[in-house]
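Here is a short note for a colleague who is meeting this structure for the first time. The points below may be read alongside the sequence and the model.

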Amino acid sequence: MSELTDRKNAAISRGVGMTTQIYADRAENAEIWDKDGNRYIDFAAGIAVVNTGHRHPKVMAAVKDQLDRFTHTCHQVVPYENYVALAERLNQAVPGDFPKKTVFATTGAEAVENAIKIARHYTGRPAVVSFAGGFHGRTFMGMALTGKVQPYKAGFGPMINDIWHLPFPNALYGVTEEESLAALERLFKADLEPGRVAAMIIEPVQGEGGFYETPASFLQKLREVCDAHSILLIADEVQTGFARTGKLFAMEHSGVAADITTMAKGLGGGLPISAVTGRAEVMDSPGPGGLGGTYAGNPLGVAAAHAVLDVIEEEQLCDRAERLGQRLKQRLAGLRDDVPEIADIRGPGFMNAVEFNVAGSDRPNPDMANRVREEALKRNLILLTCGVNANVIRFLAPLTIPDEVFGEALDILEDSVKAARG
């Protein structure tokens with residue numbers, strides 16, 4: 001393994017960070033085996049990509065069938081039916097009781113870029129409002145929208161202009177909904193006329209920012225503000241989508257429909273595909289050729305996405321996400337008396353997190369979070385940290401994880417938290 005690490009260091013830019021030094025050889029559902037044959041339980045799922053598990057048989061069968069037909073024509077040159085059919089499915093599935101249309105891309109950052117392009121074109125306005133702690137990708141527009149400097153913006157020079165950040169309502173750190181809305185009002189009075197704003201973009205649950213759920217009442221207020229000023233509301237569901245939160249889309253928890261929804265990650269079940277779905281008249285604003293991409297809506301990714309949607313429905317993964325999340329949060333809650341560093345346990349469905357502060361204070365404790373991650377890795381459980389202060393452990397195991405493997409992982413997690421304290 002050290003030889004592989006040496007080769008990696010010699011060949012690959014250090015800007016590509018690595019959470020572990022595990023080199024995957026094969027994977028199945030919620031388990032990964034490395035090149036040395038070591039088995040790991042995967043509580044990362046490729047950062048919420050394989051919600052339906054590594055190599056789900058139905059997803060693999062769909063991809064193999066497509067492989068036997070064709071792998072690429074570029075939909076803009078020679079279109080194909082399964083692209084059309086997937087758009088029809090998403091138009092029906094995405095929240096909002098209005099006609100919708102869809103465009104496909106390859107990555108979550110591409111989906112966000114396209115959503116902003118579409119919003120600017122439709123409204124004829126340049127400005128976009130996003131939120132502190134939000135994450136929207138590593139492209140220049142994605143970085144500009146992202147409300148977290150390290151490591152995403154640091155050293156990359158001037159960001160795209162006319163992007164404005166508001167405080168995200170976070171009760172744990174004393175930021176109320178009223179304060180966030182007051183900041184918006186001040187912004188509109190002091191710096192940015194609302195008639196210049198094309199869109200507001202928000203994650204219904206912040207991902208990289210720390211798995212903080214956007215209050216439903218706050219989303220409802222944003223909807224009212226957007227409607228009052230003819231601003232488009234964009235829901236970034238790249239990490240929250242496809243059953244992770246106990247609903248197909250996290251916005252369903254709030255009863256609020258965005259004008260545009262971005263999605264990726266879990267849609268492809270391990271294959272690259274992303275999508276933007278929105279109001280038909282908004283999506284139709286750009287002219288032919290204004291949207292698209294050579295690999296956008298690749299046939300293999302489209303085939304996988306159809307299978308993912310089938311699996312979510314057939315295996316009732318939204319309900320399973322709720323059950324798994326409850327078990328995880330109950331186990332963590334049982335540790336609070338012995339682990340005073342636990343500041344919060346949260347998250348809808350199976351998009352859960354535990355946040356660590358210095359015991360007896362509200363000061364973030366990133367060292368504790370990192371020690372938990374390291375102790376878990378020693379015991380062959382893969383965990384991810386997140387948060388603006390890097391003091392949060394996030395849990396993203398596949399929704400298809402077998403009960404016995406899940407129980408094993410919870411035991412390891414408990415041992416790891418206790419060991420991190422010691």
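**Notes on salt bridges and the sheet**

1. A network of salt bridges links Arg223, Asp227, Asp259 and Arg279, a salt bridge being a side-chain nitrogen of Lys or Arg within 4 Å of a carboxyl oxygen of Asp or Glu. The structure holds 23 salt bridges.

2. Please keep in mind that this is a predicted model, in which local features need pLDDT of at least 70 and side-chain atom pairs count only at pLDDT 80 or more, while totals for chains, interfaces and linings use all residues. Residues are numbered from 1 along each chain as its sequence is written, and side-chain values use heavy atoms, with hydrogens and water left out.

3. Seven strands form an open sheet with mixed pairing, in the order β4-β10-β9-β8-β7-β5-β6. The edges are taken by β4 (100-105) and β6 (163-166), each of which has a single partner strand, so one side of each is left without a neighbour in the sheet. On average, neighbouring strands of this sheet are turned by 20° against each other, direction ignored. Here strands (E, at least two residues) and helices (H or I, at least four) are DSSP runs, numbered from the N terminus, and two strands pair if DSSP finds at least two bridges between them.

4. Within this sheet, β5 (residues 127-131) and β7 (residues 197-202) pair in the parallel sense over three bridges, and Val129 stands opposite Met200 in β7. Helix α4 (residues 81-93) packs on the sheet, where it touches β4, β9 (260-263) and β10 (274-279), and its direction makes about 130° with that of β4. Contact means heavy atoms within 4.5 Å, and axes are lines fitted to C-alpha atoms, for helices over the stretch in contact, with angles from 0 to 180 degrees between N-to-C directions.

5. Glu408 forms a salt bridge with Arg39, with the closest N and O atoms 2.9 Å apart. Because Glu408 lies in helix α13 (residues 403-421) and Arg39 in strand β3 (residues 39-42), the pair ties together parts that are 369 residues apart in sequence. Glu408 is partly exposed, at 33% relative accessible area, and Arg39 is partly exposed at 26%; buried means under 20%, exposed over 50%, and partly exposed in between (1.4 Å probe, protein chains only).

6. Asp403 forms a salt bridge with Arg320, the closest N and O atoms lying 2.9 Å apart. Asp403 is in helix α13 and Arg320 in helix α11 (residues 317-333), so the pair ties together parts 83 residues apart in sequence. Asp403 is partly exposed at 44% relative accessibility, whereas Arg320 is buried at 15%.
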